Amino acid sequence: MPFAKHYHWVVAFCCFLLVFCNVGLPSTSFNVYQPYIVALPGVGDSAGSVVITVRTFVSLLCMFAVARYYELLDCRLGAAIASVFTVACLLLFGFADSFPLLCVASALGGVGYGLGGMVCTTYLINRWFKTDVGTAVGFAAVGSGVASIVIPVCAEWIIRTFSLSVSFWVEALLAAIIGITVFALLRDKPSDLGMEPYVSPKWVAKHQDEVVHGSDGVDMPVDHGVSLPVGPKRAFILVTMIVGATCVSAANFLGVFLVSGGYDHAFAALMLSVCGLVLTIGKFGMGRIFDGLGGLKGSVIALVTFIAGMTLLCLGAAGNVALIWAGTILFAFGLSIGSTGIPIWSLHFSTPDERVKTVRTFQLGYAAGSFLFTMVPGVLKDLMGSYVVSYVIMTAMMAVALAIIVVVYKKYQNPSAHVS
């Protein structure tokens with residue numbers, strides 16, 4: 001195989017495709033379909049919200065089983081089966097003409113998301129990369145960002161030209177092609193090809209005191225993952241729940257936040273496009289920042305940027321367009337912590353023996369937070385008359401998460417460790 005020595009990047013590309021397929025199609029780009037779904041006979045706004053909640057609830061349930069799932073199946077087969085659920089989800093959405101069928105389709109998408117998303121890709125990257133992990137995670141996470149930019153534009157054209165059903169079926173075909181491609185290219189671990197995990201020669205040359213010299217002549221970085229005591233681990237699970245709650249809700253409600261503040265739909269749509277573009281760039285950029293500066297500094301940069309952006313959005317809600325632009329850009333860049341931070345934290349705060357469980361637990365926290373908080377902004381809007389209240393609360397929650405991250409990293413993470 002002529003490109004075998006670069007196969008770690010083939011695996012990273014497969015992870016990108018998996019996130020595009022199993023996260024981007026049923027979740028991050030799905031908002032383009034929401035106006036059409038609520039307009040279907042017998043659905044409406046409340047039932048349309050339930051359709052989304054079904055997906056988040058099912059994906060949450062899958063998080064409880066995902067570690068066992070990948071103990072029974074290797075990542076190659078497990079990811080392929082997850083992609084089949086995503087294909088089935090999109091096919092059924094194309095046929096669905098009633099609320100119950102929409103919920104079943106959404107549930108199938110939740111299975112694909114839960115079993116074939118960031119948990120699977122984190123497992124793969126941990127096996128194939130010993131350095132440049134942040135870059136690989138960021139590259140994989142970009143998949144959902146690309147979907148959020150490309151899919152809505154294409155879907156709108158297909159819906160106008162043909163129909164809503166055809167748009168779903170085209171996405172189902174795309175998901176099937178991606179699933180087959182990934183199954184053909186992906187390998188579960190380097191030893192399947194007689195290889196070792198990737199180690200950057202530049203990293204080895206710079207960190208000779210952190211290298212283990214193997215008997216086979218291959219230099220490997222020391223695994224700096226640490227096992228957290230029960231208290232700090234619970235605190236960090238709270239962090240993942242806060243990040244899940246704020247990243248998912250703040251992004252999903254941004255459009256209605258702006259419209260309810262008096263901005264027109266065209267401006268809100270423009271800000272959503274800007275958010276998607278910056279988020280896509282931010283995911284890869286944050287991976288590079290984690291690689292270069294380490295977990296603590298990378299986390300601080302992301303969360304401070306997120307908090308600053310949310311603050312500017314709240315201040316600009318009264319009608320200051322400049323603040324909304326600045327807030328959206330900063331918020332969108334910080335939003336990348338939801339995709340890149342969770343995998344990095346799970347690798348830092350676990351030993352090799354407990355890594356699979358920790359990856360599952362941190363992703364479960366993220367999923368639980370997103371599910372539990374999804375209904376809050378709408379309820380507070382009805383009670384308080386504004387979405388600004390929810391955005392202020394989410395900003396405060398992220399400040400709490402930032403404080404916990406700083407304390408835990410300062411006390412427990414090896415100061416010489418970088419994202420390797």
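In this predicted model, Lys189 is partly exposed, with a relative accessible area of 36%. Its side chain takes part in a salt bridge with Asp188, in which the closest N and O atoms are 3.7 Å apart. Lys189 also forms a salt bridge with Asp192, where the closest N and O atoms lie 3.8 Å apart. Asp192 is partly exposed, at a relative accessible area of 40%.

Asp188 is in turn joined to Arg127 by a salt bridge with an N to O distance of 2.7 Å. This pair connects distant parts of the chain, 61 residues apart. Asp188 lies in the loop between helix 8 (164–185) and helix 9 (201–206), whereas Arg127 belongs to helix 6 (residues 118–128). Asp188 counts as buried, at 7% relative accessibility, while Arg127 is partly exposed, with a relative accessible area of 25%. The structure holds 4 salt bridges.

The structure holds 0 disulfides. Cys75 is in no disulfide, and the nearest cysteine sulfur, that of Cys120, is 4.4 Å away; a disulfide would require the two sulfur atoms to be within 2.5 Å. Cys75 counts as buried, at 1% relative accessibility. For Cys103, the closest cysteine sulfur is that of Cys89, at 12 Å, which is too far for a bond. Cys103 is also buried, with a relative accessible area of 15%.

Notes
Residues numbered from 1 in each chain as written. Predicted model: local features only at pLDDT ≥ 70, side-chain atom pairs only at ≥ 80, totals over all residues. Heavy atoms only, no water. Buried < 20%, exposed > 50% of the residue type's maximum accessible area, 1.4 Å probe, protein only. Helix = DSSP H or I, 4+ residues; strand = E, 2+ residues; numbered from the N terminus.
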